[in-house]
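Here is a short report on a few residues and their surroundings. Look at the structure first, then read on.

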Amino acid sequence: MTTTSEVVKYHDSISGAEVELSIAEIKRTICPKASDKEAASFLQLCRYMGLNPFVNDAYLIKYGSDSPATMVVGKDAF
């Protein structure tokens, strides 16, 4: 499993640009309410599907600390 500060590098499947993402970055910029496990799952989804959350290919949404996070793939990524 990826540690919270470990940066994972992969290529965006749409543009081919290199993406650098970590669990800490996801929690800081994309979904502050996400748990480490939810952020790690989101990171793996992005990595394996070549999605770049910074250009809205994927979203991690969590409304409250007692509800689970939802991962959504943007329509342009299909």
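Predicted model: local features only at pLDDT ≥ 70, side-chain atom pairs only at ≥ 80, totals over all residues.

Residues are numbered from 1 along each chain as its sequence is written, and side-chain values use heavy atoms, with hydrogens and water left out.

E38 lies in helix α2, residues 36-49. K62 sits in the loop between β3 and β4. G64 is also placed in the loop between β3 (58-61) and β4 (70-73). Helices (H or I, at least four residues) and strands (E, at least two) are DSSP runs, numbered from the N terminus.

Buried means under 20% relative accessible area, computed with a 1.4 Å probe on protein chains only.

| Residue | Relative accessible area | Class |
|---|---|---|
| E38 | 17% | buried |
| K62 | 12% | buried |
| G64 | 15% | buried |

The side chains of E38 and K62 form a polar contact of 2.9 Å. A polar contact is a pair of N or O atoms within 3.5 Å; within protein, one must be able to donate a hydrogen and the other to accept it, and residues adjacent in sequence count only if both atoms are side-chain atoms. The K62 side chain also reaches the backbone oxygen of S67, at 3.4 Å.

Contact means heavy atoms within 4.5 Å. Leaving out residues up to four places away in sequence, E38 touches K33, L60, K62, S67, P68 and A69. With that exclusion, K62 touches residues including C31, A34, S35 and E38.

G64 and S41 are 23 residues apart in sequence and 18 Å apart in space, C-alpha to C-alpha.

Technical notes: Buried < 20%, exposed > 50% of the residue type's maximum accessible area, 1.4 Å probe, protein only.
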